[in-house]
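Colleague: I have not looked at this one before. Can you walk me through it?

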Amino acid sequence: MIDMVYAKKRYLEFLSDEIDTQIWIIGSVYQKLEESFLDDQKPIHEEIQKVKEEQLDQETEDSIVEYLSEDGILLEKMKHLAQANVVTMLYHYLENQTKRALKVVGIPNRISELDKLLERMENLRVINDKSLDLVCYDEIQEVRIINNRYKHNNGIANAYLAQINSKWVEGDQIIVSESDITRFQDYVIKFLSSLISKIEQFIK
């Protein structure tokens, strides 16, 4: 006879064990992107320095520096977009892992959006007929909104995002920093670990 309780707990254990590795992989992608953009920026800075040392007339120097600076600005915009894509990777991992965990308690995979998944779980009262009270639930909303703003609104912050974290200003471009990525990774690890732990406690 199949021991479904053991099977479910073994599967959740597997999900839990792989969290740190997967988050590390996403973090490594960010680090590689950062290193790549720094390498791409270096020749531009070096060329600007050479131009300034050539003692050209001011108008010529200014024109060349302007052209080179525009290249640097374009690279910076590409960097910001790449950083946003790392947030997207992180969010999709969060969403997929949540789906996999909730499958154990009978919530179907066809429910794909994170907020709808958790709402369905609350409605089913599968966890001891009480609120889930998940660690970092509020914090992961920041990750979700940033992902959605880049997906649908060209990465422009809205009032809700500004309300969650005063760092973001409504109407401004969302520029994700290395410290933001680190924060988001921490939120995702804590949230998923909390979710899996809650489910494990009440599997019967």
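Modeller: Below are some notes on aromatic rings, a helix and the core.

Modeller: This is a predicted model, where local features need pLDDT of at least 70, side-chain atom pairs count only at pLDDT 80 or more, and totals for chains, interfaces and linings use all residues. Residues are numbered from 1 along each chain as its sequence is written, and side-chain values use heavy atoms, with hydrogens and water left out.

Colleague: How many aromatic pairs are there?

Modeller: The count comes to 1 aromatic pair. The ring centres of phenylalanine 184 and tyrosine 187 are 6.2 Å apart and the planes are at 45°, so the pair is tilted. Rings of Phe, Tyr and Trp (its six-membered ring) pair if their centres lie within 6.5 Å; planes under 30 degrees apart are stacked, over 60 edge-to-face, the rest tilted.

Colleague: Which helix holds phenylalanine 184 and tyrosine 187?

Modeller: Both lie in α6 (residues 178–201), 3 residues apart, about one turn of the helix. Helices are DSSP runs (H or I, at least four residues), numbered from the N terminus.

Colleague: Is phenylalanine 184 buried or exposed?

Modeller: Phenylalanine 184 is buried, at 0% relative accessible area, and tyrosine 187 also counts as buried, at 14%. Buried means under 20% relative accessible area, exposed over 50%, partly exposed in between (1.4 Å probe, protein chains only).

Colleague: Other topic: what does leucine 12 touch?

Modeller: Leaving out residues up to four places away in sequence, its contacts include Ile196, Ile199 and Ile203. Contact means heavy atoms within 4.5 Å.

Note on methods:
Helix = DSSP H or I, 4+ residues; strand = E, 2+ residues; numbered from the N terminus.
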